Amino acid sequence: MKTSTTRDFRFTPAELTQWKEEGFVVRKSVFSTQEVDRLLQDGELAAKRCKEASAIDQKQYFMYNNASGQTMSIYAGLDHTGTAFEAMCRDPRIIDPAFQLFGEQQYIHHCKFMNKKAFDGIAWLWHQDYGYWQGMGSVKPDMFSVMVFLDHAVPENGCLTVLPGSHKLGRLPHREDGDTGGGLTMTFLSNSTMKEVCARIKPLPITCAPGDCIFFDCNLMHSSGHNLSPYDRRASIVAYNTDENRPGVHKGWPLVRPGRVEDILNFQTDQNWTPGPRTSTPGR
Ligand SMILES: O=C(O)CCC(=O)C(=O)O
């Protein structure tokens, strides 16, 4: 195992070509079974802390329910919860490609737990992430996301489905009145737009195993279906943004400092964590 921030995990030339042409890169087994278990071990605590903190700071922390309204589908703000997710967000295996593409002056735009539960997990309508983020005040699409899988993800439990190469279309107009249950008003691409784009590009469901990662461009069109299967589909998404592209609401949020690959397993959950403003990068 590599043990330092040596930039060893940057995209290879073949991955860079795929990023440019298709707008996403899949890497298998980025995180080990032990690391996935360690993250899941802190999952409930992180949820509780995000909920508590959202009463104080709704810019960093928010949550929505699954379609039945009985379980939480998303909880955001994981990167500042005193849990092992803090180490994941700074892990060189995911930071290196982000820095390679957009430079080292970046901060964590958000980190969320996608708790797509068995039987009632919500769907995500077709969208580009920049469909949401431009409206929040980021002028450039210099934003990078990585989805870290904590369960198997297959079409039956709502894996991520992408339109390869759709990022090249740039940001298209989105509607802002989507509702797939759970209380989140979704920003989404209209059926007429999707009909035109899908006439040219075939949707690609991406099957993943725990520990796999999908890195994707903020203009890549993607969606995922409801989870009516008996299998949870848990994952975490971290989105990074460049310092100069930050919207006013993210003023003062610290730049991300890369950690080390051993940090997740060595992470000591902070038992005394209390919700409060984000004044520095958590951890080391
Ligand atoms: O969790 C998923 O399946 C998709 C989430 C998503 O599209 C997003 O956060 O932009």
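**View 1. Tyr 61 sits in the loop between α3 and β2.** This is a predicted model: local features need pLDDT of at least 70, side-chain atom pairs count only at pLDDT 80 or more, and totals for chains, interfaces and linings use all residues. Residue numbers start from 1 along each chain, as its sequence is written. Helices (H or I, at least four residues) and strands (E, at least two) are DSSP runs, numbered from the N terminus. Tyr 61 counts as buried because it has 23 C-beta neighbours inside 10 Å. A residue is buried if 20 or more other C-beta atoms lie within 10 Å of its own, exposed if 12 or fewer, and partly exposed in between; C-beta atoms are placed from the backbone. Leaving out residues up to four places away in sequence, Tyr 61 touches Cys 50, Ala 53, Ser 54, Ala 76 and Gly 77. Contact requires C-beta atoms, placed from the backbone, within 7 Å. Asp 177 lies 116 residues from Tyr 61 along the chain, with 22 Å between their C-alpha atoms.

**View 2. Helix α3 covers residues 43–54.** Its twelve residues reach 16 Å from first C-alpha to last, close to the expected 16 Å at 1.5 Å a residue. The expected span is 1.5 Å times one less than the number of residues. Ala 46, Ala 47, Arg 49, Cys 50 and Ala 53 are the buried residues of α3. They pack against β2 (62–65), β3 (72–76), α4 (85–89) and β4 (106–116).

**View 3. Strand β4 pairs with β3 and with β13.** Ten of the eleven residues of β4 are buried, so the strand is largely enclosed by the rest of the structure. β3 and β4 run antiparallel, joined by three bridges. Here Ala 76 faces Lys 112 in β4 as its opposite residue. β13 (residues 233–242) also pairs with β4 in the antiparallel sense, over ten bridges. Tyr 107 stands opposite Asn 241 in β13. Pairing requires at least two DSSP bridges between the strands.

**View 4. The protein chain holds eight helices and 13 strands.** Buried residues make up 45% of its 284 residues. Among contacts with a separation of 6 or more, 86% join residues 24 or more positions apart.

Conventions:
Two residues are in contact if their C-beta atoms, placed from the backbone, lie within 7 Å.
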